[in-house]
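Hello,

Here is the structure we talked about passing on. Please open it alongside this email, and my notes follow below.

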Amino acid sequence: MVLLALPLIIPACSSSSYVDTDGPDPASLLNHDDPHQPLLIRNNHQMESNAMMLKPMELQMQGNCCGTIVSKGYLVALGEEHSAKKLIWCVDFWLYYTAYFCGATVGLVYSNNLGQIAQSLHQQSQLTMLLIAYSSCSFFGRLLSALPDILHRKVPLARTGWLAAALVPMPMAFFLMWNQQDASTLVAGTTLVGLSSGFIFAAAMSVTSELFGPNSIGVNHNILITNIPLGSLLYGQIAAMVYDGNGQKMTVVDNWTGIVDTMIMCMGVKCYSTTFFVWACITILGLASSIVLFIRTKPAYSTAASWSSCKHHHQVSS
């Protein structure tokens, strides 16, 4: 009931969390009495000053390969508009794309295979429970995606940090189901996958808007979700290859038409054990990409938080 009530209080908690792309003057920020003054400010003066402050960090990281990936072309401020052409040349976008492609999309493919997974593991009686666990936890995961807006003052963690945290349960779930495939383990793993994928699906729009601009979100987000059909094809093909490789051909006769057909049936833990392991490794890659994205975008979120703190301090003192 508490989670269901969260959407009702989000507008009040985040009424001042808008992104301004017109670039107001920072000097006027402390002298503005409007309670709806945007927290996220972008202009050339601010971007230049932030670049100067972050330059030492970039120089320190250039000594190794990972440092180059983390520091090269990082965001200086949130809300900068990215055209489609600029988007595909942005390192942060491909990190974000990989995190989504190797995270939430894997969870979606898992849900699409739940029926066959339960049948192969002799858990047909638990199929209803598995579907309920996934759908309900996906729903509550979507509600939990509101936490960054509600706790942005008490827990000033970048939204990309929440994204990385949401991906943590995904590899845990698949490694758990790879190691043991009984009824309780399937329910626990399905619960974790549902929570993780639901959170990412709901939070993706906000992350896209903050990182690549609110005005271009329609085009940019549609480019992002091209990973869903691609991932469904790739991960579904992996599952099919493992399933067919461990299955046996069976002849089936349709009682209505009398047509004889040949199909492959696989029963036992061997049908999806390798698939779960491969999916777990893929989600680890998604988690790693989200962590790198968080490190790269943390300075931009810190800058936005500092402007928010200054505005709040001025309102209290006045």
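Start with Thr 105. Setting aside neighbours within four places in sequence, Thr 105 contacts Tyr 100, Asn 227, Ile 228, Gly 231, Ser 232 and Tyr 235. Bear in mind that this is a predicted model. Thr 105 sits in helix H6, residues 104–112. Is Thr 105 buried or exposed? Thr 105 is buried, with a relative accessible area of 0%. The cut-off for buried is under 20%.

An unreviewed UniProt entry marks "transmembrane region" over residues 94–115, 127–148, 160–178, 185–205 and 276–295. I looked at two of these spans. Residues 94–115 are 86% helix and 0% strand. The end C-alpha atoms of that span are 33 Å apart. Residues 160–178 are 95% helix and 0% strand. Here the end C-alpha atoms lie 28 Å apart.

Now helix H12. H12 covers residues 183–212, which is 30 residues. From first C-alpha to last, H12 reaches 43 Å, close to the 44 Å expected at 1.5 Å a residue. Where is the kink in H12 centred? The kink is centred on Ala 203 and is about 40°. Gly 213 follows H12, and its phi is positive, near 100°.

Helix H13 comes after that, at residues 217–224. Its buried residues are Asn 220, His 221 and Leu 224. Seen down the axis of H13, these buried residues fall within an arc of 95°, so they line one face of the helix. The general rule behind such a pattern is that an α-helix has 3.6 residues a turn, so residues three or four places apart point the same way. What covers the buried residues of H13? The cover includes helix H4 (84–88), helix H5 (91–101), H12 and helix H14 (227–246).

Last, the cysteines. How many disulfides does the structure hold? The structure holds 1 disulfide. Cys 266 and Cys 271 form it, with their sulfur atoms 2.0 Å apart. The torsion about the S-S bond of Cys 266 and Cys 271 is about -100°, so this disulfide is left-handed. Cys 266 is buried, at a relative accessible area of 0%. Cys 271 is buried too, also at 0%. Cys 90 is buried, with a relative accessible area of 9%. Cys 102 is buried, with a relative accessible area of 5%.

Best wishes

Technical notes: Residues numbered from 1 in each chain as written. Predicted model: local features only at pLDDT ≥ 70, side-chain atom pairs only at ≥ 80, totals over all residues. Heavy atoms only, no water. Helix = DSSP H or I, 4+ residues; strand = E, 2+ residues; numbered from the N terminus. Expected span 1.5 Å × (residues − 1). Bend = angle between axes of the 7 residues up to and from the residue. Buried < 20%, exposed > 50% of the residue type's maximum accessible area, 1.4 Å probe, protein only. Arc of directions from axis to C-beta. Contact = heavy atoms within 4.5 Å. UniProt positions renumbered as here; feature names shortened; annotations may be inferred. Disulfide = S-S within 2.5 Å.
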